Amino acid sequence: MRRYGSILVFFLLAVLALAGDEEPLEQLKARAEQASGGDQVKLYIELARRQLAAADRFFDHGEMENGHAAVHDVATYCERAGEAARRS
């Protein structure tokens, strides 16, 4: 049982370490604008995923205007991902 506890702790620490290495949003936006093809699609999808998570947090805290702005960003990034996918 102790072995499983050690594995679980290691796994949780690894997840936390990866979460802390998340690229800043502005940098990710710049990379998405400069990328092309499948890379651009992936970057825009990642931007949409992050903004969706931000919208959820905003709505949870009663920040409706910020939540709506984040949802608008999600739609924009999804559109851009779709356009990039059609071009590639």
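Visitor: What makes the residues of the largest nonpolar core a core?

Guide: In this predicted model, the largest nonpolar core has twelve residues, namely Leu28, Ala32, Ala35, Val41, Leu43, Tyr44, Leu47, Ala48, Val74, Tyr77, Ala81 and Ala84. They count as a core because each is a buried residue of a nonpolar kind and the set is joined through side-chain atoms within 4.5 Å. Helices α2, α3 and α4 each supply at least two residues of this core, and the largest share, five residues, comes from α3. In general, nonpolar side chains tend to be buried together in soluble globular proteins.

Visitor: How do you know that Leu28 is buried?

Guide: The relative accessible area of Leu28 is 2%, and buried means under 20%, so Leu28 is buried. Leu28 has its place in helix α2, and, leaving aside neighbours within four places in sequence, Leu28 is in contact with Glu23, Leu43, Glu46, Leu47 and Arg50. With one of these, Leu43, the separation is 15 residues in sequence and 7.1 Å in space, taken from C-alpha to C-alpha.

Visitor: Why are the buried residues of α2 said to line one face of the helix?

Guide: The buried residues of α2, which spans residues 25-34, are Leu28, Lys29 and Ala32. Seen down the axis of α2, these buried residues fall within an arc of 105°, so they line one face of the helix. As a general point, an α-helix has 3.6 residues a turn, so residues three or four places apart point the same way.

Visitor: What does that buried side of α2 pack against, and which exposed residues does the face turned away from it carry?

Guide: The buried residues of α2 pack against α3, residues 37-60, and α4, residues 64-87. The face turned away from the buried side carries Glu26, Glu33 and Gln34, which are exposed.

Visitor: Why is the pair of Tyr44 and Tyr77 called stacked?

Guide: The count of aromatic pairs comes to one. The ring centres of Tyr44 and Tyr77 are 6.1 Å apart and their planes stand at 20°; rings pair if their centres lie within 6.5 Å, and planes under 30 degrees apart count as stacked, so this pair is stacked. Tyr44 lies in helix α3 and Tyr77 in helix α4, so the pair ties together parts that are 33 residues apart in sequence.

Visitor: How do you know whether Tyr44 and Tyr77 are buried or exposed?

Guide: Tyr44 has a relative accessible area of 6%, and Tyr77 likewise comes to 6% relative accessibility. Because the cut-off for buried is under 20%, Tyr44 counts as buried, and Tyr77 counts as buried.

Visitor: Why is Gln51 called buried?

Guide: Gln51, whose place is in helix α3, has a relative accessibility of 10%, and since buried means under 20%, Gln51 counts as buried. Not counting residues up to four places away in sequence, Gln51 touches Leu25, Ala70, Asp73, Val74 and Tyr77.

Visitor: What makes the pattern of the chain α-α-α-α?

Guide: The secondary structure comes to four helices and zero strands, and, read along the sequence, the chain follows the pattern α-α-α-α. Of the 88 residues of the chain, 24% count as buried. Among contacts between residues at least 6 apart in sequence, 47% join residues at least 24 apart.

Technical notes:
Residues numbered from 1 in each chain as written. Predicted model: local features only at pLDDT ≥ 70, side-chain atom pairs only at ≥ 80, totals over all residues. Heavy atoms only, no water. Buried < 20%, exposed > 50% of the residue type's maximum accessible area, 1.4 Å probe, protein only. Arc of directions from axis to C-beta. Contact = heavy atoms within 4.5 Å. Phe/Tyr/Trp six-rings, centres within 6.5 Å; stacked < 30°, edge-to-face > 60°.
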